[in-house]
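Dear colleague,

Please find below the structure that I am handing over to you. My notes on it follow, and I would be grateful if you read them beside the model.

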Amino acid sequence: MALCGAWIALQASLWTVPPFGDALGHVFLQADLFRTSHWSLQAVAASTAAEHPPLMTALVAAGWAVFGVGILWPHVLSTTIGALALVGVFRLGCQVTSRLRSLAAAACVGLSPVFFAQSANPYIEIAVVAGLVWAIHSFFSENAVGVGVSLALMMLAKETSLPLAVVLGLVVLWSARTSWGDVRWGLVVAIALSPLPCLAWLLYAAAVKGGFMTAAVAAAATNGSVAPSVVALLRKLALGPVQLLVMGLWVPLVVQLGWLARARWRRSPWAATAN
């Protein structure tokens, strides 16, 4: 808790920075549309600015309804979600190593430049990271409800994180490939149901817009250079994890989580089952 408090204090120095980049283009504009349309999902879905599911923007709009419109609440919200992600890294680390090393792992993630900067601004990737960390933690704790909720929230923040849920589902099935009796069916069901809220939003938005249209797709459509909407959506889902890693430069976090998950896997009874 002391580490999180110190990290949040450092983050507070950036809370006066005006929004920029995707935080302005996606989160702030869509949150303002929530507010001005009196929470009309149809109005939000119809906007080409609504390129992603509305979890992050709805949280920003809800805070504005309580605290008034301003830049402080989105910054505080993003920092809080980032702190939850760091707590998840620490808890995951405690499953495989000492508390001191787990604190060091969380500190390395929290102070990595991209994570630190984007946690101070309401980027939707922060919610994706928090959901992924807690999904992995719940996965190794065999907490089916925790896995399902974490993955569902992760995908409601950004639909391109859906393939990450597929990976977890494949791991469950692969770990019990020698005997179907060893399958953790609770985890399988939770992972299988987790994409439904995100898919429901995508289908609703597509019905309102007449296709899977975003601002970028709409601009390309005017030039006749856009693929059919379903193909564009599938391509977006396929490239999502690559964009999260390459364009977001989340290499330190991915390496850290990969190491922790690998170490936790070796200690789990699943490793023996898989072999």
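Ser 102 is in contact (heavy atoms within 4.5 Å) with Phe 90, Gly 93, Cys 94 and Thr 97, leaving aside its neighbours within four places in sequence. This serine is found in helix H6; helices here are DSSP runs of H or I with at least four residues, strands are runs of E with at least two, and both are numbered from the N terminus. Ser 102 is buried, as its relative accessible area is 0%. For that term, buried means under 20% relative accessible area, exposed over 50%, and partly exposed in between, with a 1.4 Å probe and protein chains only. The side chain of Ser 102 also reaches the backbone oxygen of Gly 93 at 3.2 Å. Cys 94, one of the residues that Ser 102 touches, is partly exposed, with a relative accessible area of 28%.

Please note that this is a predicted model, in which local features need pLDDT of at least 70 and side-chain atom pairs count only at pLDDT 80 or more, while totals for chains, interfaces and linings use all residues. Residues are numbered from 1 along each chain as its sequence is written, and side-chain values use heavy atoms, with hydrogens and water left out.

As to the chain as a whole, its secondary structure comes to 16 helices and 0 strands. Of its 275 residues, 48% count as buried. Among contacts with a separation of 6 or more, 72% are between residues 24 or more positions apart. The structure holds 0 disulfides (pairs of cysteine sulfur atoms within 2.5 Å). Cys 198 counts as buried, at 1% relative accessibility.

Leu 151 touches Ala 135, Ala 165, Leu 168, Ile 191 and Ser 194, not counting residues up to four places away in sequence.

Which residues of helix H1 are buried? In this helix (residues 2-11), they are Cys 4, Trp 7 and Gln 11. Seen down the axis of H1, the buried residues fall within an arc of 65° (taken from the directions from the helix axis to the C-beta atoms), so they line one face of the helix. The face turned away from that buried side carries the exposed residues Ala 2 and Ala 9. What covers the buried residues of H1 includes helices H5 (72-94), H6 (99-111) and H7 (113-119).

Phe 116 is found in helix H7 and is buried, with a relative accessible area of 17%. Beyond residues up to four places away in sequence, Phe 116 touches Trp 7, Leu 10, Gln 11, Leu 14, Gly 110 and Leu 111. Phe 116 and Trp 7 are 109 residues apart in sequence and 9.0 Å apart in space, C-alpha to C-alpha.

Finally, a word on confidence. The chain averages a pLDDT (the predictor's confidence in each residue, from 0 to 100) of 76, and 71% of the residues score at least 70. Over residues 213-227 pLDDT stays under 50. Where pLDDT is low, the predicted coordinates should not be read in detail.

With kind regards

Conventions
Polar contact = N/O pair within 3.5 Å; in protein donor to acceptor, adjacent residues only side chain to side chain.
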